[in-house]
Amino acid sequence: MKVHGSPASPYVRKVRAVAVELGVPLELVLVDAQTAQFDFGRINPVHRIPALELEDGEVLFDSPVICEYLDATYEGGLFPPTGPERWRVLRLQALGDGVMDAAVPRRGETMRPEQQQSPARIAAYQRSIRQVLDALELETAGLNGVNIGTIAIACALGYLDFRFPGDEWRKGRPALAAWESEFSRRPSMAQTGPD
Ligand SMILES: N[C@@H](CCC(=O)N[C@@H](CS)C(=O)NCC(=O)O)C(=O)O
């Protein structure tokens with residue numbers, strides 16, 4: 001199987017980390033979705049990375065879909081099948097993905113020429129990130145175990161370190177910082193860091 005994407009993308013990292021957790025070999029095909037050096041739309045019409053190309057040529061996209069496909073196919077247990085535990089873990093994934101959904105366009109905005117940047121939009125992205133991290137600081141007890149929620153959150157925090165080290169997100173959030181320090185030692189995290 002191949003995953004089309006870039007090692008810098010936190011969504012791609014989530015998929016690659018899940019593959020490592022499941023012991024599934026995944027070939028990374030380098031794609032920069034923004035510059036789109038070839039007709040990537042034929043692989044993923046939504047034109048976003050990651051896109052998972054299966055052996056039969058079928059392509060899956062959107063990291064939650066890809067991760068659930070891998071987990072279901074290889075019986076990983078990263079997605080609880082049913083009941084309150086499923087919603088708890090999916091909510092955590094939404095929090096992690098929510099940080100990515102604010103941090104990735106924030107990065108895009110700050111890469112534009114200064115006079116074209118929207119300070120209001122950047123502030124809104126920053127607020128969203130800050131609010132999620134503050135919420136997580138209060139519920140680190142729930143970040144127990146390895147599941148799609150904790151993986152998504154660890155990938156989101158790794159992206160903040162990578163693109164926004166000046167945020168110093170650990171300041172004032174000792175519980176979340178301690179959790180991240182421990183979780184980032186997992187091989188799935190250590191082997192997939194952004195570059
Ligand atoms: N919801 C999607 C988001 C994926 C996404 O936004 N990826 C970014 C790269 S980090 C992308 O492909 N951006 C290109 C674009 O929006 O044109 C997922 O979870 O896979």
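Reader: What pattern does the protein chain follow when read along the sequence?

Author: This is a predicted model, in which local features need pLDDT of at least 70, side-chain atom pairs count only at pLDDT 80 or more, and totals for chains, interfaces and linings use all residues. Residues are numbered from 1 along each chain as its sequence is written. Helices (H or I, at least four residues) and strands (E, at least two) are DSSP runs, numbered from the N terminus. The protein chain holds 7 helices and 4 strands, and its pattern is β-α-β-β-β-α-α-α-α-α-α.

Reader: What is the radius of gyration of the protein chain?

Author: The radius of gyration is taken over C-alpha atoms, and the globule rule is 2.2 Å times the number of residues to the power 0.38. For 195 residues that rule gives 16 Å, and the value for the protein chain is close to this, so the chain is as compact as a globular protein of that length. The radius of gyration is 17 Å.

Reader: In what order do the 4 strands form the open sheet?

Author: Two strands pair if DSSP finds at least two bridges between them. Strand β1 (residues 2–5) and β3 run antiparallel and are joined by 3 bridges, while the pairing in the sheet is mixed. β2 (27–30) and β4 (59–61) each have a single partner strand and stand at the edges, so one side of each lacks a neighbour in the sheet. The order is β2-β1-β3-β4.

Reader: Which residue in β3 does H4 stand opposite?

Author: Strands of a sheet pair through backbone hydrogen bonds, either parallel or antiparallel. β1 and β3 run antiparallel. The residue in β3 opposite H4 is A51.

Reader: What percentage of the 195 residues of the protein chain count as buried?

Author: The burial cut-off given above applies here as well. Among the 195 residues, the buried share is 34%.

Methods:
Buried ≥ 20, exposed ≤ 12 C-beta atoms within 10 Å, placed from the backbone.
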